[in-house]
Amino acid sequence: MKNKIVLVTGATSGIGRATAILLAERGAKVIVAARREQMGQEVVEEIAAKGGEAVYLKMDVNSEESIREGIHWIVDKYGRLDAAVNNAGIVRIPTSLIDTEIKDLEEVFQTNVIGVFASMKNEIQHMLQTGGGAIVNVSSINGLRSMAKSGPYSSSKFAAQALTQSAALEFANQNIRINAVAPGPTTTEITAGLEPSIIKHLTDIIPMNRMGDSEEIAKGIVFLLSDESSFTTGATLVMDGGFTA
Ligand SMILES: NC(=O)c1ccc[n+]([C@@H]2O[C@H](COP(=O)([O-])OP(=O)(O)OC[C@H]3O[C@@H](n4cnc5c(N)ncnc54)[C@H](OP(=O)(O)O)[C@@H]3O)[C@@H](O)[C@H]2O)c1
């Protein structure tokens, strides 16, 4: 990843943060994008303290204007965008379909589907002008198998899978590779809010009997961004401790 210009959305915490740190360790110039500025600056400082290079970019993936302006800023500053991780995402606690408000579905789709779509659209427009690139969308095992009471989240991740494959097919012969990762339950801010009984249930049903670490997911993402996966596009790398097996 040496000297590659890489955007990571949702890089203030969890999987995005771990990915930004690993990318910088591998020599990339990382754009740490998300809404919480102080946390973004802390990630940048952590990367700098380890000798890496990163910059914080305030970006709200719920706004296409914010995405467009942010990516223009990157291209103005660095001259190109080599790779992107569309990781920003939200979940909702499991809720019965009959108690789920339409606005909950809309909010989850706004970030997890429209946010990914708008990010890919603006990233690919620039990648086409500079000869190619690589994109990883952070999906979920819920984008491969649904679960009771998780309609909004699960359907948003199924949609993210479809967006990934459609874009991968369209740009496969233009040197832009587009893949997804599908993490299983992973210890991050998202899971920190879950009841201990839910965490216990999750670890019980995962064959490895533990949750994943953000750093483990980051390694899969970096593999898919790197030339190590040069013949891989439209694929989903499942990292779930054996759950979907
Ligand atoms: N943790 C898991 O078990 C798990 C499993 C499978 C898939 N995933 C997926 O992994 C991705 C990362 O989640 P995580 O577990 O690392 O959770 P997290 O620690 O809560 O991180 C979510 C990140 O998304 C950012 N974000 C949310 N809404 C945004 C918006 N509108 N604009 C820009 N950034 C936004 C947040 O930053 P700001 O609030 O600063 O904007 C934060 O950095 C998500 O797509 C999630 O669905 C997680």
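Strands β4 and β5 pair in the parallel sense over four bridges, where pairing requires that DSSP finds at least two bridges between two strands. This is a predicted model, in which local features need pLDDT of at least 70 and side-chain atom pairs count only at pLDDT 80 or more, while totals for chains, interfaces and linings use all residues. Residues are numbered from 1 along each chain as its sequence is written, and side-chain values use heavy atoms, with hydrogens and water left out. Helices (H or I, at least four residues) and strands (E, at least two) are DSSP runs, numbered from the N terminus.

- Seven strands form an open sheet with parallel pairing, in the order β3-β2-β1-β4-β5-β6-β9.
- At the edges are β3 (53-58) and β9 (236-239), each of which pairs on one side only.
- From one strand to the next, the twist averages 20°; axes here are lines fitted to C-alpha atoms, for helices over the stretch in contact, and angles run from 0 to 180 degrees between N-to-C directions.

**Strand β4 and its partners**

- On one flank, β4 (residues 83-86) runs parallel to β1 (residues 5-9), and three bridges join the two strands.
- Along this pairing, L7 has A84 as its bridge partner in β4, and V8 stands opposite V85.
- A84 also stands opposite I135 in β5.
- The chain gets from β4 to β5 through α4, and this β-α-β crossover is right-handed; that is, with the strands pointing away from the viewer, the path from the first strand over the helix to the second runs clockwise.

**Strand β5**

- Six of the six residues of β5 are buried, so this strand is largely enclosed by the rest of the structure.
- G133, I135 and N137 point one way from β5, whereas A134, V136 and V138 point the other way.
- With β6, strand β5 pairs in the parallel sense over six bridges.
- G133 finds its bridge partner in I176 of β6.
- A right-handed β-α-β unit is made by β5, α5 and β6.

**Helices on the sheet**

- Helix α4 (residues 102-129) lies across β1, β4, β5 (133-138) and β6 (176-183), and runs at about 175° to β5.
- Helix α5 (residues 151-171) packs on the sheet, touching β5, β6 and β9, and its direction makes about 160° with that of β6.

- T19 has its place in helix α1 (residues 14-25) and counts as buried at 1% relative accessibility.
- Which residues does T19 touch, not counting those up to four places away in sequence? They are V85, A218 and I221, where contact means heavy atoms within 4.5 Å.
- T19 and A218 are 199 residues apart along the chain, yet their C-alpha atoms are separated by 4.5 Å.
- N142 sits in the loop between β5 and α5 and is buried, with a relative accessible area of 12%.
- Leaving aside neighbours within four places in sequence, N142 is in contact with M147, S150, Y153, S154, K157 and F158.

**Positive phi values**

- N3, in the segment before β1, has a phi near 65°, a positive value in a residue other than glycine.
- N3 is partly exposed, with a relative accessible area of 39%.
- N209 has a positive phi of about 55° although it is not a glycine.
- The place of N209 is the loop between α7 (196-205) and β8 (212-213), and at 52% relative accessibility N209 counts as exposed.

**Rings and charges**

- The charged end of K77 sits over the ring of Y78, 5.3 Å from its centre; for this, NZ of Lys or CZ of Arg must be within 6 Å of the ring centre and within 35 degrees of the ring normal.
- How many aromatic pairs does the structure hold? The number is zero, with rings of Phe, Tyr and Trp (its six-membered ring) pairing if their centres lie within 6.5 Å; planes under 30 degrees apart count as stacked, over 60 as edge-to-face and the rest as tilted.

Key
Buried < 20%, exposed > 50% of the residue type's maximum accessible area, 1.4 Å probe, protein only.
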